[in-house]
Amino acid sequence: MASNMQKMSSYKSQIEKYGTPISKEVYSELALYAEKNHVFISGFKDFVGDIEVIKQVIDDIVVIAKDFPLIISGKTAIELNLDYDMGTDFATTKNRHIIHLNAVYYSDLNILNADYIEGVAERRFVSNTDWHSVIKHEVGHVVANIYRLKPMEIAKDVLKMNREIQVLEYLTDELSLYSTELEDGREIISEAFSGYYGKAGNEFADKYVNRCIQITREGGTR
Amino acid sequence: MKSYSEAMYWKTNKKWYKANYETNSYELTKLAPPRAIDSFRLYLKENKKLEATK
């Protein structure tokens with residue numbers, strides 16, 4: 001949407017005004033924190049934001065890793081990459097386990113939170129969640145990739161429904177519009193992670209993620 | 001995660017679309033405004049691309 005791109009461009013100039021990237025010492029502090037928690041980071045040397053925000057992102061990953069340990073293990077461990085060219089995306093997952101964070105949003109928590117809350121108000125995102133759910137959403141993609149889960153099949157199983165359209169209709173009202181954007185269901189697991197780990201009190205998200213945990217503990221892929 | 005997706009605008013008003021359970025797909029109603037029609041095209045395009053990569 002043109003107005004969204006204009007908004008991002010104005011955000012970018014705001015970020016440029018902040019100017020000074022973090023010092024080597026502050027970067028080392030962040031790198032050490034990431035390493036201690038088995039999360040890789042890249043692109044943060046020029047970060048102009050508050051590293052406490054990124055530490056909270058890492059903390060959110062660590063909580064989910066208690067249920068899905070492969071996301072902080074060996075070759076499949078999550079890498080957080082700070083990306084300066086992401087348009088209006090909050091974040092995106094590439095190469096199965098590399099999560100790109102939009103530098104514009106993550107350099108200013110007020111901007112990130114304001115745009116996220118706007119999406120919640122418009123039912124695009126799960127009710128009762130906040131900016132933390134952006135990373136929870138992306139980790140949902142990583143879990144699906146690493147554990148080879150089939151998000152739509154799990155949703156059909158949880159809801160006892162046979163057809164994709166039934167699932168999508170149900171989730172439009174009970175989870176979020178975003179969860180129904182892709183008909184193969186890949187946004188279902190992400191939005192369910194957003195609701196469950198965001199402690200949103202969403203009945204579907206809670207059932208869905210518990211089913212994912214059960215499947216992976218049993219060693220299945222479904 | 002997108003901060004906004006125009007491909008879902010058509011779904012913001014229940015009068016603009018209906019689920020066809022026989023074809024397992026969505027359809028727009030006559031009440032859908034031009035922006036919703038364009039948005040639905042984007043949605044179909046996104047999902048067609050997905051289908052092609054399977």
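**The sheet of chain A**

Guide: Strand β1(A) pairs with strand β2 (residues 79–83) of chain A in the parallel sense, over three bridges; strands here are DSSP runs of E of at least two residues, helices are runs of H or I of at least four, both are numbered from the N terminus, and two strands pair if DSSP finds at least two bridges between them. Within β2(A), Asn81(A) is the residue that stands opposite Ser42(A). This is a predicted model, in which local features need pLDDT of at least 70 and side-chain atom pairs count only at pLDDT 80 or more, whereas totals for chains, interfaces and linings use all residues. Residues are numbered from 1 along each chain as its sequence is written, while chains are lettered from A and ligands numbered from 1 in the order in which they are written.

Taken as a whole, the sheet of chain A is open and has four strands in the order β1-β2-β4-β3, with mixed pairing. The edges are held by β1 (40–42) and β3 (91–94) of chain A, each of which has a single partner strand, so one side of each is left without a neighbour in the sheet. From one strand to the next the twist averages 25°. Helix α6(A) packs on this sheet, where it touches β3 and β4 (98–102) of chain A, and its direction makes about 15° with that of β3(A); axes are lines fitted to C-alpha atoms, for helices over the stretch in contact, with angles from 0 to 180 degrees between N-to-C directions, and contact requires that the C-beta atoms of two residues, placed from the backbone, lie within 7 Å.

β4(A) is mostly covered, with four of its five residues buried; a residue is buried if 20 or more other C-beta atoms lie within 10 Å of its own, exposed if 12 or fewer, and partly exposed in between.

Thr93(A) has Ile99(A) in β4(A) as its bridge partner, while Ala91(A) stands opposite Leu101(A) of β4(A). Three residues lie between the strands of this hairpin, in which Asn95(A) takes a positive phi near 50°. In a regular strand the side chains alternate between the two faces of the sheet. The covered face of β3(A) consists of Ala91(A) and Thr93(A), and the uncovered one of Thr92(A) and Lys94(A).

In all, 22 residues of chain A are in contact with 16 residues of chain B, and the elements giving two or more residues to the chain A side are α5 (109–121), α6 (132–146) and α8 (164–174). The largest share of that side, four residues, comes from α8(A). For the complex, the predictor gives an ipTM of 0.92 and a pTM of 0.93. Chain B has a mean pLDDT of 92, with 91% of its residues reaching 70 or more; pLDDT is the predictor's confidence in each residue, from 0 to 100.
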